[in-house]
Amino acid sequence: MVIPAVAPAQELEQVLDALEATYGKMTDLRAEFTQVARNKSLGQDVKAEGTVYLKKGGKMRWDYKSPSPQQIVSDGTHLWVYTPELNQVNKGDAPKALTGPAGSFLQGLGKVREEFTVRFLNPANKTDGSGRPVLDLTPKKPTPLLTRLVLTLDPKENYVVRQAVLYDQLQNTVTMSFSRVAVNPGLSDTLFAFTPPKGTAVVPLEIR
């Protein structure tokens, strides 16, 4: 009875080895994304799309094109949320803010076994039907904004994340799907610097 259980464990370790190898060597990343934020209590979905830029050191930039323009930018020290419609910038402390759904994937996936308890989402199947492994991750130090993370990986592209579903403590979800992923494109630090446009109101960012 013990022998059949060994293979899935070995397979999981192999997938995690590949995931950690890819993100451990990654210094930056650029991708197109679509996002669906689901409010469980209201039964509402809010869809969005744009381009994301990530760089080690907590640097990130999410440029939302729809449903309305918005930028989320961090240089690793500060985080800004710029909403042109409101002519407003929310500014906060990056480390605390990066525990949320907008956090950098590069922070944890290079050492996923240190940060998460991991299993296959469907141990019998292990993949999503198209041969992509689906991992169910539980943070070892959960936060109100992240209590579970489900990742779909692409074995044809060195196990980069193609989809991430983030759960908060109320079981609301944010589903991020990534395409046109470019690994180590050599992003400039100027991408992650933000200067509020003239006349923009700067308001403290409250992390719930």
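Strand E8 (residues 134–139) is joined to strand E9 (residues 148–154) by four bridges, and the two run antiparallel; strands here are DSSP runs of at least two residues and helices are H or I runs of at least four, both numbered from the N terminus, and two strands pair if DSSP finds at least two bridges between them. The model is a predicted one, in which local features need pLDDT of at least 70 and side-chain atom pairs count only at pLDDT 80 or more, whereas totals for chains, interfaces and linings use all residues. Residues are numbered from 1 along each chain as its sequence is written, and side-chain values use heavy atoms, with hydrogens and water left out.

**Strands around E8**

- Five of the six residues of E8 are buried, so that the strand is mostly covered; buried means under 20% relative accessible area, exposed means over 50%, and partly exposed lies in between, with a 1.4 Å probe and protein chains only.

**Strands around E11**

- Strand E1 (residues 28–39) and strand E11 (residues 173–183) run antiparallel and are joined by nine bridges, with Arg 30 standing opposite Ala 182 in E11.
- Strand E10 (residues 160–167) is joined to E11 by five bridges, and these two strands also run antiparallel; in this pairing Leu 166 stands opposite Val 174 in E11.
- E10 and E11 form a hairpin with five residues between them, and in its turn Gln 171 has a positive phi of about 70°.

**Asp 28 in strand E1**

- Asp 28, which lies in E1, is buried yet has no salt bridge, and the nearest side chain of opposite charge, that of Lys 55, is 5.0 Å away.
- A salt bridge here requires a side-chain nitrogen of Lys or Arg within 4 Å of a carboxyl oxygen of Asp or Glu; Lys and Arg count as positive and Asp and Glu as negative, while His and the chain ends are not counted.
- A polar atom of the Asp 28 side chain lies 2.5 Å from the backbone nitrogen of Leu 187.

**Aromatic rings**

- The structure holds four aromatic pairs, where rings of Phe, Tyr and Trp (its six-membered ring) pair if their centres lie within 6.5 Å, with planes under 30 degrees apart counted as stacked, over 60 as edge-to-face and the rest as tilted.
- One of these pairs is formed by Phe 33 and Trp 62, whose ring centres are 5.1 Å apart and whose planes stand at 75°, so the pair is edge-to-face.
- Because Phe 33 lies in strand E1 and Trp 62 in strand E3 (residues 59–66), this pair ties together parts that are 29 residues apart in sequence.
- The rings of Phe 33 and Tyr 64 also form an edge-to-face pair, because their centres are 5.1 Å apart and their planes are at 80°; this pair links distant parts of the chain, Phe 33 in E1 and Tyr 64 in E3, 31 residues apart.
- Phe 33 and Trp 62 are both buried, with Phe 33 at 3% relative accessibility, and Tyr 64 counts as buried at 13%.
- The charged end of Arg 148 sits over the ring of Tyr 167, 4.6 Å from its centre; this label requires NZ of Lys or CZ of Arg within 6 Å of the ring centre and within 35 degrees of the ring normal.

**Backbone geometry and loops**

- Most residues other than glycine have a negative phi, and most peptide bonds are trans.
- A cis peptide bond, with omega of about 10°, joins Ser 66 and Pro 67, and Pro 67 lies in the loop between E3 and strand E4 (70–75).
- Asn 158, in the loop between E9 and E10, has a positive phi near 60° although it is a residue other than glycine, and its relative accessible area of 56% makes it exposed.
- Arg 180, in strand E11, is likewise not a glycine and has a positive phi of about 50°, and at 70% relative accessibility Arg 180 counts as exposed.
- Leu 109 is placed in the loop between helix H3 (105–108) and helix H4 (112–115) and counts as buried at 2% relative accessibility; Leu 109 and Gly 24 are 85 residues apart in sequence and 7.4 Å apart in space, C-alpha to C-alpha.

Note on methods. A polar contact is a pair of N or O atoms within 3.5 Å; within protein, one must be able to donate a hydrogen and the other to accept it, and residues adjacent in sequence count only if both atoms are side-chain atoms.
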